[in-house]
Amino acid sequence: MELKNNVYKIQGINVKDIAKEFGTPLYVYDAEKIINQLQTLKNAFSNQNVKIKYAAKALTNVSILKLMKKHGAGVDVVSAQEADLALKAGFDPKDILFTPNCVSFDEIQEGVEKGLVINIDNISILEQFGHKYRDTVPCCVRLNPHIMAGGNTKISTGHVDSKFGISIYQLPHLLRVIKSNHIDVVGLHMHTGSDILDADVFLKMAEILFGIAQDFPNLQFVDFGSGFKVGYKPGDITTNIYDLGVKLGKAFDDFCNNYGRKLEMWFEPGKYLVSEAGLFLAKVNVIKTTPATAFVGVDSGMNHLLRPMMYDAYHEIVNVSNPNGIQRVYTVVGYICETDTFGWDRKIHEVREGDLLAIKNAGAYGFSMASNYNSRYRPAEILVYSGKAHLIRERENMEDILRKQVEIDLE
Ligand SMILES: *Cc1c(COP(=O)(O)O)cnc(C)c1O
């Protein structure tokens with residue numbers, strides 16, 4: 001979204017017009033921004049045989065998945081249901097990496113039957129996999145390097161207390177299981193968390209992986225996961241993708257020389273691809289001034305955008321209706337019967353009842369974490385593509401709330 005002549009626009013379309021046409025609350029995604037992010041990542045690793053597997057859980061709308069596919073990405077899914085969505089979007093099963101955590105062996109088998117690339121994250125399941133498939137179905141293993149990384153403990157997955165991955169300290173056991181069951185391991189995977197800042201964290205992770213990789217002779221790829229940090233507010237430090245491309249690229253080249261073969265380099269970004277492309281639009285219902293605070297109450301809440309409440313995430317909030325008003329300090333809250341605060345003490349251009357607010361960086365883990373709490377409808381989703389606003393999900397209604405409820409007769 002950009003401000004031009006005092007009007008906020010996406011691909012030339014007035015954001016207010018989008019809200020007028022489709023109503024609020026509303027998720028709006030800019031396809032151009034998604035495509036740019038994808039391209040930037042590819043460019044940064046253009047010296048490598050790089051494969052981008054979009055982490056679908058960030059934003060699972062089928063039209064978004066189709067956009068990713070059209071622009072050359074594969075996809076990383078964490079459940080059989082996400083896999084079905086990816087298949088519906090037209091992905092070849094071979095381009096779908098299945099990275100579930102703590103699922104039953106039944107769900108792993110379901111993944112095999114769908115033809116997905118299976119990523120296994122514990123030794124118990126790996127043993128069952130080996131008993132059943134031996135070397136007839138190749139797989140990838142998810143390792144845990146025990147590096148503390150990520151912006152928030154809830155989104156760090158590589159540390160020693162994390163439930164994710166197979167500990168690198170279990171390597172001898174892991175290798176015995178693989179050898180005795182003749183398991184064909186074609187990929188090594190690590191994902192140490194979201195919001196990792198540093199190229200050096202990736203490098204440290206990579207060195208650990210490279211050290212281990214020598215024990216796996218059949219590798220076709222190494223998957224470095226994700227964790228690319230995006231800017232949530234002006235001045236935020238973000239991952240320097242080009243710096244990472246140079247440093248990791250060089251380390252990977254050296255590794256491949258030692259290994260004896262050029263391998264594919266995989267990444268599975270979610271946030272990096274879709275976060276900044278998304279806006280969440282909400283209308284101001286009421287301005288409520290207490291002795292301490294000027295509250296702005298909007299027609300949404302934690303049911304639609306949970307990140308501020310769940311992760312203390314900062315999302316910039318702008319007043320689309322009054323870009324020239326004087327700036328005042330507000331606390332922006334939702335309408336849910338909980339303390340659901342989108343932002344404390346924010347300087348926003350003067351807010352009036354009826355104004356349209358835009359909450360930025362709402363593309364990732366926005367709609368995909370939305371719920372019907374308080375029996376509210378989940379919002380509609382819009383994709384701005386080729387200069388036109390397309391409805392890609394209808395707003396819910398009472399039928400949706402009641403759809404799976406079964407009313408019994410209490411006579
Ligand atoms: C969530 C997840 C990602 C994406 O993380 P982002 O921080 O959104 O880029 C990648 N890989 C796996 C296995 C994940 O669970």
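The following is a conversation about a predicted model and some of its local features.

Colleague: Before the details, which ground rules apply here?
Modeller: This is a predicted model, in which local features need pLDDT of at least 70, side-chain atom pairs count only at pLDDT 80 or more, and totals for chains, interfaces and linings use all residues. Residues are numbered from 1 along each chain as its sequence is written, and side-chain values use heavy atoms, with hydrogens and water left out.

Colleague: Which peptide bond is cis?
Modeller: The bond from Thr24 to Pro25 is cis, with omega near -10°. Most peptide bonds are trans. Pro25 sits in the loop between helix 1 (15-22) and strand 4 (26-30). Helices (H or I, at least four residues) and strands (E, at least two) are DSSP runs, numbered from the N terminus.

Colleague: Is strand 4 buried or exposed?
Modeller: Five of the five residues of strand 4 are buried, so the strand is largely enclosed by the rest of the structure. Buried means under 20% relative accessible area, exposed means over 50%, and partly exposed lies in between (1.4 Å probe, protein chains only).

Colleague: Which residues are on each side?
Modeller: Leu26, Val28 and Asp30 are on one side of strand 4, and Tyr27 and Tyr29 are on the other. In a regular strand the side chains alternate between the two faces of the sheet.

Colleague: And which strands does strand 4 run with?
Modeller: Strand 4 is joined to strand 14 (residues 278-289) by four bridges, and these two run antiparallel. Five bridges join strand 4 to strand 20, and that pair runs parallel. Two strands pair if DSSP finds at least two bridges between them. Leu26 has Leu281 as its bridge partner in strand 14, while Val28 stands opposite Ile382 in strand 20.

Colleague: Changing topic, which residues have a positive phi although they are not glycine?
Modeller: Asp345 has a phi of about 45°, and Ser375 has one of about 55°. Most residues other than glycine have a negative phi.

Colleague: Where are they?
Modeller: Asp345 is in strand 18 (residues 341-349) and is exposed, at 58% relative accessibility. Ser375 is in the loop between strand 19 (356-359) and strand 20 (380-385) and is partly exposed, at 47%.

Colleague: What does Arg378 form a salt bridge with?
Modeller: Its partner is Glu396, with the closest N and O atoms 2.9 Å apart. Glu396 is buried at 14% relative accessible area, whereas Arg378 is partly exposed at 22%.

Colleague: How many salt bridges are there by this rule?
Modeller: The count comes to 15 salt bridges. A salt bridge is a side-chain nitrogen of Lys or Arg within 4 Å of a carboxyl oxygen of Asp or Glu.

Colleague: Which others can you name?
Modeller: Among them, Lys94 and Asp92 meet at 3.3 Å, N to O. Lys94 is exposed at 58%, and Asp92 is partly exposed at 31%. Lys233 forms a salt bridge with Asp236, the closest N and O atoms being 3.8 Å apart. Lys233 is partly exposed at 36%, and Asp236 is partly exposed at 23%. Asp84, Glu110 and Lys114 are linked in a network of salt bridges.
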